[in-house]
Amino acid sequence: MKILIVYATRTGTAAKAAALLAEYFDGAAVFDLSNKLPDPEGYDAVIFGSGIRNGRILPPLRKWLSRYWKKIAPVTKGVFICNAVLDESPEIMKENFSLELRNSSAAVDSFGGELNPRKLRSRELIFMNPAVRKLAAGDSQEFVPCLLPDRIGHFAEEIQDALKAKAAKADSR
Ligand SMILES: Cc1cc2nc3c(=O)[nH]c(=O)nc-3n(C[C@H](O)[C@H](O)[C@H](O)COP(=O)(O)O)c2cc1C
């Protein structure tokens, strides 16, 4: 099976998530969309994700999706985001990805996020949404933002199950 994993990142979380995800798929091709917008043609499954800034996915993923949507749409898909405020994830998914995309994807999830204030520019700290600023400042006692490997494992299983179901359907024809 040929698997493509692409991501857009600002501080490296989505890159780490993509690398963890790739461990579940032998020989998966992994691309940072800031370097290249790979053609999804010929892949059995396409997985894409982005870090979140002020509720939005990053421009390279937006660009790649609009350039290749016709080729991506019919393929087995998975979409992930890396964000710090988990409660915001459903709304972020809804605002950034069409109903068609969400409904036709085998897996859709947030893998959590990281916030390292030392990696951020002062301008970013000023314009951050208040819930994120609280987390970045370490003012939240309930939750320290981090990547959630269990979610990545579960997401990978959902993609694998969808691929198996597709192969079984093709065999029965
Ligand atoms: C300026 C700024 C804005 C952010 N806005 C949001 C947000 O709206 N919602 C959220 O859940 N996380 C938000 N975050 C947290 C990031 O999504 C988190 O740091 C994530 O790990 C970034 O992924 P990346 O390194 O792959 O870009 C924000 C972080 C920064 C620095």
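The legends below describe close-up views of one predicted model. Local features rest on residues with pLDDT of at least 70, side-chain atom pairs count only at pLDDT 80 or more, and totals for chains, interfaces and linings use all residues. Residue numbers start from 1 along each chain as its sequence is written.

View A. Helices (H or I, at least four residues) and strands (E, at least two) are DSSP runs numbered from the N terminus.

**View B. The packing of α1 against α7.** Helix α7 comprises residues 149–171, and α1 packs with α7 at an angle of about 50 degrees, the axes being 10 Å apart. The pair is therefore oblique. Axes are lines fitted to C-alpha atoms, for helices over the stretch in contact, and angles run from 0 to 180 degrees between N-to-C directions. Angles under 35 degrees count as roughly parallel, over 145 as roughly antiparallel, 65 to 115 as roughly perpendicular and the rest as oblique. Ala-17, Leu-20 and Leu-21 of α1 meet Pro-149, Ile-152 and Ala-156 of α7; two residues are in contact if their C-beta atoms, placed from the backbone, lie within 7 Å. This contact has six nonpolar, no polar and no charged residues.

**View C. Ile-81 in strand β5.** Ile-81 is placed in strand β5 (residues 76–82). Ile-81 counts as buried because 25 C-beta neighbours lie inside 10 Å. A residue is buried if 20 or more other C-beta atoms lie within 10 Å of its own, exposed if 12 or fewer, and partly exposed in between, with C-beta atoms placed from the backbone. Apart from neighbours within four places in sequence, Ile-81 is in contact with residues including Gly-49, Ser-50, Ile-52 and Ile-57. Ser-50 is 31 residues from Ile-81 in sequence, yet their C-alpha atoms are 5.1 Å apart in space.

**View D. Ser-105 in the loop between α4 and β6.** The loop that holds Ser-105 lies between α4 (99–103) and β6 (107–110). Ser-105 is buried, with 23 C-beta neighbours inside 10 Å. Not counting residues up to four places away in sequence, Ser-105 touches Lys-77, Gly-78 and Val-79.

View E. Asn-54 belongs to the loop between β3 and β4 (56–57). Although Asn-54 is not a glycine, its phi is positive, at about 45 degrees. Most residues other than glycine have a negative phi. Asn-54 is exposed, with 9 other C-beta atoms within 10 Å. Pro-90, in helix α3 (residues 89–96), is exposed with 11 other C-beta atoms within 10 Å.

Conventions: Nonpolar A, V, L, I, M, F, W, Y, C, P; charged D, E, K, R; others polar.
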